[in-house]
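Dear colleague,

Here is the structure we talked about handing over. My notes follow below it.

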Amino acid sequence: MRPSRRAVITAATAAAVPATPGTAAAQSPGRLRTGFERLARDGYGLLENQKVGIVTNPTGITRDARHIVDVMHADDRVGLTAVFGPEHGFRGTAQAGGSEGRYDDPATGLPVYDTYLKSGRPLADVFTASGVDTVVFDIQDVGARFYTYIWTLYDCMEAAGLAGKRFVVLDRPNPVTGRAALGPVLHKEFATFVGRQPIAQAHGMTVAELARLFNAEFLPQPVPLETVTMSGWKRSDFHDASGLPWVPPSPNMPTPETALVYSGTCLFEGTNLSEGRGTTRPFELLGAEGIDRRWAAAANALALPGVRFREAYFAPTFSKYQGRTIGGVQLHVHDRAAFDPVRTGIALLVTAKQVWSGFAWRPDNWIDKLTGSTRVRTMIDAGADTDEVVAGWQEDLAAFRRTRRKYLLYR
């Protein structure tokens with residue numbers, strides 16, 4: 001048995017631990033190292049003598065673009081025995097709203113279990129059936145409440161607790177920074193898989209920080225949780241500062257620029273406008289039949305910080321308006337530090353309704369699930385401007401920011 005070194009590990013209630021002096025991480029303070037990199041450099045000591053299952057997807061890669069499942073499977077120091085796939089699947093073969101089901105991974109022979117749309121006891125039964133002792137989570141998030149991987153994290157934490165399993169989170173950067181929480185906070189009566197708990201629309205946290213918050217604030221019974229922090233990451237860092245390859249976390253999140261706007265423009269999923277699915281610029285292109293240059297002009301007139309709008313025409317290859325040429329706008333973010341994606345998303349909703357008589361919400365009021373309450377929809381319908389809508393969530397947001405502060409691991 002080899003000795004277990006755990007200097008890089010943080011418990012659920014502990015602060016981030018700096019790299020051990022003399023390690024590569026300590027010798028290269030400017031280079032980011034992910035939670036997986038630090039776990040591997042520690043010889044997988046945290047997972048010693050454990051049957052390990054990992055919740056991951058195509059974003060679970062090393063700096064040289066190898067998948068961590070392939071790396072761990074080839075290393076006899078870790079007992080990797082199962083993989084758990086979220087929405088879109090472990091290897092990423094499924095579109096939005098789909099998963100890969102149960103199969104054996106051709107590359108490793110490992111059993112792959114489907115977690116998508118499973119929670120509570122049914123998901124706990126999956127963990128039990130897999131025979132693992134420890135469930136590990138390593139998926140790249142994009143910083144938005146309605147991006148489902150953080151709720152896969154939440155559901156897997158709850159299920160691991162029910163099944164009596166340890167839970168380990170390997171941290172990765174928030175690609176749009178962790179500077180601030182922005183936007184409306186979910187009201188519990190609107191909880192769905194695009195928002196289980198009352199956090200801000202752009203939460204400004206990493207997955208390890210969210211895991212700590214979930215465990216302490218929201219889970220009915222806390223799970224035995226440990227986190228492996230990053231080294232070399234600052235809250236002000238965008239993805240390109242990490243030096244890590246960008247792997248699309250889902251088919252319609254092709255670039256870091258998509259992630260930058262997503263927490264605001266995904267709101268157009270709740271309308272009859274295209275949110276750009278079926279184009280090469282999803283969530284950066286927005287539009288519908290009958291929209292013309294007046295929308296870009298109205299949005300530019302607001303002089304929103306960090307962003308400009310271009311009159312655009314495009315024909316989606318799938319999703320809304322498939323195969324039809326439609327008009328709208330393309331967002332061009334020219335100052336990432338000044339750009340507020342949520343405020344921008346609201347401004348675009350307000351101006352779209354002003355300039356296009358065909359504007360409508362989705363009949364199922366999906367916008368309420370995305371924003372977390374009826375407030376945004378009803379205020380815009382009542383004629384509120386952008387400032388009034390944004391002012392409506394400030395009290396809830398201030399309370400969430402106070403709670404959030406307790407679980408941050410990085411400066």
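Buried means under 20% relative accessible area, exposed over 50%, and partly exposed in between (1.4 Å probe, protein chains only). Helices (H or I, at least four residues) and strands (E, at least two) are DSSP runs, numbered from the N terminus. This is a predicted model: local features need pLDDT of at least 70, side-chain atom pairs count only at pLDDT 80 or more, and totals for chains, interfaces and linings use all residues. Residues are numbered from 1 along each chain as its sequence is written, and side-chain values use heavy atoms, without hydrogens and water.

Helix H4 comes first. In H4 (residues 120-130), Gly120, Leu123, Ala124, Val126, Phe127 and Ser130 are buried. They sit on the same side of H4, because they cover an arc of only 150° around the axis (taken from the directions from the helix axis to the C-beta atoms). Pro122 and Ala129, on the other side, are exposed. The cover over the buried residues includes strands E3 (79-85), E5 (111-114) and E6 (134-138), and helix H5 (149-163); contact means heavy atoms within 4.5 Å. Just after H4, glycine 131 has a positive phi of about 80°.

Next, the helix pair. Ile150, Trp151, Leu153, Tyr154 and Met157 of H5 meet Val207, Leu210, Ala211, Phe214, Asn215 and Phe218 of H6. Those contact residues divide into 10 nonpolar, one polar and no charged (Ala, Val, Leu, Ile, Met, Phe, Trp, Tyr, Cys and Pro count as nonpolar, Asp, Glu, Lys and Arg as charged, the others, Gly among them, as polar).

Last, alanine 301. It lies in helix H8 (residues 293-301). Alanine 301 is exposed, at 64% relative accessible area.

Best wishes
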